[in-house]
Amino acid sequence: FDDRDGWIWMDGAMVPWRDAKLHVLSHALHYASAVFEGERCYGGHIFKLREHTERLIASAKILGFDLPWSAEEIDAACNATLAANNLTDAYLRPIAWRGPEEMGVAAKHTKVHMAIACWEWGAYFGVEQRMAGVRLSMAPWKRPHPDTAPTASKAAGLYMIGTLSKHAAMDAGYDDALMLDWKGDVAEATGANVFLVIDGEIHTPKPDNFLDGITRRTVMGLARTRQMKVVERIIPESDLARATEVFLCGTAAEVTPVREIAGRTYTPGEITRTLMTDYSALVHMSPDDVAKRAA
Ligand code: PMP
């Protein structure tokens, strides 16, 4: 993915894609002192840009570092990177990390660096095609207790168990893996949050050991606008047997129906279809339209 045309914003300057490199002694490479975001731009508008920027700043703070850029500057840099690459429908990846200025566990004297890359991410399958649903395996790894890892940060290091779980799923012929938490309750997929429909209500785990997704909060709002009941609670694994519909949500996944979890099958239904459609309509609205709708 490194050898291509394009521009990457790096520490305040637009750098040719191929030249956006860092030193092998970067602290982040050795000790995972990196935090990132995943954002999407629809028709020239980055969906929930400020929320993503604020989460990036908060993620860094949890790992003990401050970004040398304000939220306004980061927002502007995201938009400038899109413009430099001439993109309107894209995925954006801002990342901040500790540099190579000091080598060892201690990193107080490292510089904090930041980059923003983006790439085209436009056409996706239509609602009806996606209603077929994806298949999840049960992940071999558990989400750690929040005292064991900084689980509220979108920290690179927390993705180690995600990659291992996703690879295990793919090796077994599945699309993704459902992760339980350290006590065996339902947590999330490797890059998306999970919702279950039980007795016609929408249930989702409390985000006490995994990322409280911006899409997750958006979908909960959309469901409540439709007078659907949304319940946030601890969800034991056994509740997977009670669910009639299951779906994932995240910036990349949007709302993705699930048709199987490790041999147990589900039929994506009306609640999933409604939220998929509502989410798609919302992300494609301009910020002006969103403001008008709220007024
Ligand atoms: N959980 C994980 C592990 C993720 O990587 C993501 C994607 N950022 C999410 C949940 C969903 O978060 P969001 O809706 O903010 O994209």
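Trainee: How many helices and strands does the chain have?
Mentor: This is a predicted model; local features need pLDDT of at least 70, side-chain atom pairs count only at pLDDT 80 or more, and totals for chains, interfaces and linings use all residues. Residues are numbered from 1 along each chain as its sequence is written. Helices (H or I, at least four residues) and strands (E, at least two) are DSSP runs, numbered from the N terminus. The secondary structure comes to eight helices and 16 strands.

Trainee: What radius of gyration does the chain have?
Mentor: The radius is taken over C-alpha atoms, and the globule rule is 2.2 Å times the number of residues to the power 0.38. For 295 residues, a compact globule would come out near 19 Å. The chain agrees with that, at 19 Å.

Trainee: Into which domains is the chain divided?
Mentor: The bounds come from an automatic or database domain assignment. The centres of the two, taken over C-alpha atoms, are 26 Å apart. They are domain 1 (7-120) and domain 2 (127-283).

Trainee: Which element gives the most to the side of domain 1 that touches domain 2?
Mentor: Contact means C-beta atoms, placed from the backbone, within 7 Å. By that test, 19 residues of domain 1 are in contact with 11 residues of domain 2. Strand 3 (34-36), strand 4 (39-42) and helix 2 (49-62) each give two or more residues to the domain 1 side. With five residues, the most comes from helix 2.

Trainee: Which residues have the most contacts inside the largest nonpolar core?
Mentor: A nonpolar core is a set of buried Ala, Val, Leu, Ile, Met, Phe, Trp, Tyr and Cys residues joined through C-beta atoms within 7 Å. Buried means 20 or more other C-beta atoms within 10 Å of a residue's own, again placed from the backbone. The largest core has 36 residues. The most contacts inside it belong to Leu136, Leu178, Ala189, Val246 and Val258.

Trainee: What percentage of the chain's residues count as buried?
Mentor: In soluble globular proteins, nonpolar side chains tend to be buried together. Here, another core of 28 residues lies apart from the largest one, with Phe47 and Ala96 among them. Of the 295 residues, the buried share is 39%.

How values were computed. Contact = placed C-beta atoms within 7 Å. Buried ≥ 20, exposed ≤ 12 C-beta atoms within 10 Å, placed from the backbone.
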